[in-house]
Amino acid sequence: MGSPPRSSPRLSWRRVLCVLFLPFASSGFAPPAKHRNNFIFEHRKLHPSPRRFDWSHLTPRELQNRSWGIQTEERAGRNPYFTLEGREFLILGGSIHYFRVPRASWRDRLLKLRACGFNTVTTYVPWNLHEPERGTFDFSGNLDLEAFILLAEEVGLWVILRPGPYICGEMDLGGLPSWLLQDPTSQLRTTNHSFVNAVNKYFDHLIPRVAPLQYRRGGPIIAVQVENEYGFFYKDKAYMPYLLQALQQRGIGGLLLTADNTEEVTRGHIKGVLASINVKAFKVDSFKHLYKLQRHKPILIMEFWVGWFDTWGVEHRVMGVSEVERSVSEFIRFGISFNVYMFHGGTNFGFMNGATSFEKHRGVTTSYDYDAVLTEAGDYTAKYFMFRSLFESILGTQLPLCWGTGRSREVVGGVRPLPPVPSPTPKVVYPSLKLSHYLPLWEALPYLQRPVTSNVPINMENLPINNGNGQSFGFVLYEMTVCSGGRLHANAQDEAQVFLNETSLGILTDVHRDIDIPPITECQLLRILVENQGRVSFSWKIQNQRKGLIGPVTLDKIPLDWFTIYSLELKMRFFKKLHSAPWRPLRGPSSSPAFYLGTLTAGSSPQDTFLQLLGWNHGCVFINGRNLGRYWNIGPQEALYLPGSWLQPGTNEIVLFEKEKRGSGVFSTDVRRLKPMESVEKPRNQNHQTTRKHTSDMPRQEAKA
């Protein structure tokens, strides 16, 4: 569709965009010549006039008389824009994932979001955590989604909900339950009967919880996203319309949207639904496909990446404040709504982390710091105050900068100021943790659930445990008898330690699948301990993310048989059983997998800290039976965040499961430790294998798997 004639009294978005973006042609922001036919360049310039807004009454608790919700409008001479109850409204969103933040810290993080000048919080909803077994749902404690949404409303924030079913978010299997992988005929993220049947049952439980919290029913949810970034996956053109219908039939209405990278937005879009895009920086060229799709709709950046996630073995990713500030300034100047990903990243507690898989499999670190606006532990950064300063330019008053004072504040220009900045979250250094006893893995096996016996190895997801749902996370130990040496071959996902009785022979990975077993004179016990380091969270590879031993195990090309298989999910009930185990006093070095027991002494009001594990190699930490997450000496993460809300006054039990070698000690520190690098690296190439989103070392909007 061409542009209107010059005599047209109504300016199209195409013309307005060209006029607005023309001043940047000489500064490097102009699109390359081959793209200029997507815009009309005119000789005149339109200088956006500074705009100030008063949204003090457009908050969930203030706005009681509701009619229209979020709408879109378009007027001659300017870009289309959002309105809320007829008032022009910029969506200024920040992502906080409730499941990555201790529930006791939700209020603190939301207050900091509000005080920064944001008006909306966005969150994913992880299916795998809410339905760990078919038909068994968990919306309690840290997974109480409704409580999080209502708390956001109380604080004064609107909510954009991103319920999936697939979310990515660097979560294990992109937030899909691992039991979906049991059915070899199921095709994830398609209208395959097995998959949509599971989705429907999940939505039947999820949507009735959130539908009453929508805007038109008096709640804070102003928009709901349909799936996530399907434009790249795009296996089934009927899938997205099916999900849209599934949501609408269960009562989801109002503003519905999709989110895709700039090059794939046309494939991920659904007719009648607002398309949004994900970007790393403001570039005129980023909007060309979105413009073709919906020229008369406002622009919404659903994910504006202000940092990057980390994977094990790669330096910590950072993005400079000035880079972020330049883009945000342009968003504000041109009235572009945006959502910061992440405002607060939080922590991949337990085994929830996902992974990337390019040259090799790399798990996402326990820290989901993301170089976000708030740190992993909720501390302020330079980005926070940069955002706050920029938002001053569009809000009707100066924002008060004071730590939680209750004194009255001057109202400038008749507009109420935002709340003051909350006090910083205190950190403490506890006395060194005392590790007193250890228990070799082999002696802990009787305290696990009864092992599975099989003539062939069984992958983690297909183990006949957990009411037929298999095992989602953790480790699996395979034992078998061998009576000769030779070349062992096994497909271990993701990493496996091989032992002859209790003697380590080496490591198998997804790349290195062979190891030599020395000559033996009598039959011995061969043990293979496999760690699931996180399922790939993005790309078509999600279909093949089964963990453990996959396929036959051979010795000199002869299949081995009769396996005894132990599931090491390392849940709280297991650690309760370990209280009666014969722990040994800790003496001298140890170089085999073992549990290490100790105590951390907290005061009467425990506060946040970090645990630094000096000399330890690779494992995970449990505080009072709760899985804090993984550690690994390859970095970049060098300390684990320990929320004070996880501690009890006085003595706390700490257990380390170390896979390789005992370290020198465990210490408390009040400083997070991450190996930094200057900025997010640019992509090495643009081929099909590396042009999407989630690589360990590529900008998200250009990195494909």
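Trainee: Over how many bridges do strand β30 and β31 pair?

Mentor: Before I answer, note that this is a predicted model, in which local features need pLDDT of at least 70 and side-chain atom pairs count only at pLDDT 80 or more, while totals for chains, interfaces and linings use all residues. Residues are numbered from 1 along each chain as its sequence is written, and side-chain values use heavy atoms, with hydrogens and water left out. Strands here are DSSP runs of E with at least two residues, helices are runs of H or I with at least four, both numbered from the N terminus, and two strands pair if DSSP finds at least two bridges between them. Strand β30 (residues 618–623) runs antiparallel to β31, and the number of bridges over which they pair is six.

Trainee: Which are the edge strands of the open sheet of six strands?

Mentor: The sheet has antiparallel pairing, and its order is β27-β14-β28-β33-β30-β31. An edge strand pairs on one side only, and the two that do so are β27 (584–585) and β31 (626–632).

Trainee: Which residue in β31 is the bridge partner of Val621?

Mentor: Strand β30 covers residues 618–623 and pairs with β31 in the antiparallel sense. Across that pairing, the bridge partner of Val621 is Gly629.

Trainee: Which elements give two or more residues to the lining of the largest pocket?

Mentor: A pocket is an open set of points, on a 1 Å grid over the protein atoms alone, where a 1.4 Å probe fits and protein lies on both sides within 12 Å along at least five of seven lines; lining residues have an atom within 4 Å of a point. The largest one has a volume of about 1,100 Å³, a volume being the space filled by probe spheres set on the points, which are joined across faces, edges and corners. Of its 31 lining residues, the closest to the centre are Leu129, Asp138, Leu143, Phe473 and Lys571. The elements that give two or more residues to this lining are α3 (127–130), α13 (572–577) and β31.

Trainee: Which cysteines form a disulfide, and how far apart are their sulfur atoms?

Mentor: A disulfide is counted where a pair of cysteine sulfur atoms lies within 2.5 Å, and a search of the whole structure finds one. The pair links distant parts of the chain, 40 residues apart, with one cysteine in the loop between β16 (475–482) and β17 (486–489) and the other in the loop between β21 (514–517) and β22 (524–531). The cysteines are Cys483 and Cys523, and their sulfur atoms are apart by 1.8 Å.

Trainee: Is Cys168 buried or exposed?

Mentor: Buried means under 20% relative accessible area, exposed over 50%, and partly exposed in between, with a 1.4 Å probe and protein chains only. Cys483, at 45%, is partly exposed. Cys168 has a relative accessibility of 0%, so the class for Cys168 is buried.

Trainee: Why is strand β5 described as largely enclosed by the rest of the structure?

Mentor: Thr120, Thr122 and Tyr124 point one way from β5, whereas Val121 and Thr123 point the other way, and all are buried. Strand β5 (residues 120–124) is largely enclosed because the number of its five residues that are buried is five.

Trainee: Which residue in β6 stands opposite Thr123?

Mentor: Strands β5 and β6 (residues 158–162) run parallel and are joined by five bridges. The residue of β6 that stands opposite Thr123 is Leu161.
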